[in-house]
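Open the model in your viewer and keep the sequence panel beside it. We will go stop by stop, with a selection for each.

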Amino acid sequence: MFTASHETLLWVRKDKKARHTFNYDAMRNGHFPDDFIKKPDKQMRSIWAIGTPKNGEKKYGKHPTQKPEALLERIILASSNEGDSVLDPFCGSATTGVAAIRHNRKFVGIDLEKEYLDKFAIPRIKDELVRKNSPLSNTKPLHVNEEHVVYGCCHNS
Ligand SMILES: C[S@@+](CC[C@H](N)C(=O)[O-])C[C@H]1O[C@@H](n2cnc3c(N)ncnc32)[C@H](O)[C@@H]1O
């Protein structure tokens, strides 16, 4: 068998009238130096070349299916705006949360495994808040309840 090295992204909406966000300019003109498929001054194609998570992204250990930050950053930049809320109901190590906060979105994550939230998701989100010098990094920005929901948010200031 070939080694699986791709992800399939589904872009769905609840009904035909639902509005969606697609940030055309951010995808066409953004900076994606590691992606050999993306050509300058051409729109992003539907196939992206993104490597596996970089070493620093696994500093809290190995979540079995952790995604690269570059992948979630690109998805979030393409399909949401600053201040929007991003929900990841299968958040694992919260790569989505890291990317959301990095780009000034709010974040709610859920995972069946509380251990993943405690070991990976919360420390990673806290690191990102510190990196951004967010006032929330000194308060209690994150919370895990019995339903294994983690809340993170980010102020744009
Ligand atoms: C593919 S991983 C997500 C990886 C994540 N994107 C990351 O970068 O770390 C899927 C996650 O869904 C969680 N999961 C599986 N079934 C679930 C369920 N019914 N409700 C909530 N989380 C679930 C697993 O514990 C696992 O952490």
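Where is the place of Leu9? Select Leu9: its place is in the segment before α1. The model you are looking at is predicted. Leu9 has 11 other C-beta atoms within 10 Å, so this residue is exposed. Leu9 and Ile75 are 66 residues apart along the chain, and their C-alpha atoms are separated by 9.2 Å.

**Whole chain**

Clear the selection and colour by secondary structure. The chain has 4 helices and 4 strands. Their order along the sequence is α-α-β-α-β-α-β-β. Along the principal axes, the C-alpha atoms fill a box of roughly 45 × 40 × 35 Å. The radius of gyration is 16 Å; a compact globule with 157 residues would have one near 15 Å, so the chain agrees with that expectation. Of the 157 residues, 25% count as buried. Take the contacts with a separation of 6 or more: residues 24 or more positions apart account for 51% of them.

**Confidence**

The chain averages 89, and 91% of the residues score at least 70. Which element has the lowest mean pLDDT, and which the highest? Strand β4, residues 149–152, has the lowest mean at 69, while α2 has the highest at 98. Where pLDDT is low, the predicted coordinates should not be read in detail.

**The loop between α1 and α2**

Select Lys38 and Asp41. Lys38 lies in the loop between α1 (24–29) and α2. Asp41 lies in that loop too. Buried or exposed: how does Lys38 count? Lys38 counts as buried, because it has 20 C-beta neighbours inside 10 Å. Show its contacts. Leaving out residues up to four places away in sequence, Lys38 touches Phe32 and Met44.

Asp41 has 6 C-beta neighbours inside 10 Å, so Asp41 counts as exposed. Check its backbone as well. Asp41 is not a glycine, yet its phi is positive, about 65°. Most residues other than glycine have a negative phi.

**Helix α2**

Select 69–79, which is α2. Its buried residues are Glu69, Leu72, Glu73, Arg74 and Ile76. What covers them? The cover includes β1 (85–88) and α3. Show both before you move on.

**Helix α3 and its end**

Select 95–102 for α3. Of its 8 residues, 7 are buried, so α3 is largely enclosed by the rest of the structure. The buried ones are Thr95, Thr96, Gly97, Val98, Ala99, Ala100 and Ile101.

Step past the end of the helix. α3 is followed by Asn104, whose phi is positive. Asn104 is not a glycine, and its phi is about 60°. Find Asn104 in the loop between α3 and β2 (106–110). Asn104 has 18 other C-beta atoms within 10 Å, so this residue is partly exposed.

**The largest nonpolar core**

Select Ala94, Ala100, Ile101, Ala121, Ile125 and Val150. Of the 18 residues in the largest nonpolar core, these six touch the most other members. Three helices each supply at least two residues of this core: α2, α3 and α4 (114–131). Which of them gives the largest share? That is α4, with 7 residues. In soluble globular proteins, nonpolar side chains tend to be buried together.

Centre on Ala121. Leave aside its neighbours within four places in sequence. Ala121 is then in contact with Cys91, Ser93, Ala94, Gly97, Gly109, Tyr116 and Val150.

**The ligand**

Finish at the ligand. How many residues surround the ligand? There are 16, and the closest are Phe90, Gly92, Ser93, Thr95 and Leu112. Colour the shell by class. The shell has 6 nonpolar, 7 polar and 3 charged residues. Two of these names link back to earlier stops. Thr95 is among the buried residues of α3, and Ser93 is one of the contacts of Ala121.

How values were computed. Residues are numbered from 1 along each chain as its sequence is written. This is a predicted model: local features need pLDDT of at least 70, side-chain atom pairs count only at pLDDT 80 or more; totals for chains, interfaces and linings use all residues. A residue is near a molecule or strand if its C-beta atom, placed from the backbone, lies within 6 Å of it. Ala, Val, Leu, Ile, Met, Phe, Trp, Tyr, Cys and Pro count as nonpolar, Asp, Glu, Lys and Arg as charged, and the others, Gly among them, as polar. A nonpolar core is a set of buried Ala, Val, Leu, Ile, Met, Phe, Trp, Tyr and Cys residues joined through C-beta atoms within 7 Å. A residue is buried if 20 or more other C-beta atoms lie within 10 Å of its own, exposed if 12 or fewer, and partly exposed in between; C-beta atoms are placed from the backbone. Two residues are in contact if their C-beta atoms, placed from the backbone, lie within 7 Å. The radius of gyration is taken over C-alpha atoms; the globule rule is 2.2 Å times the number of residues to the power 0.38. pLDDT is the predictor's confidence in each residue, from 0 to 100.
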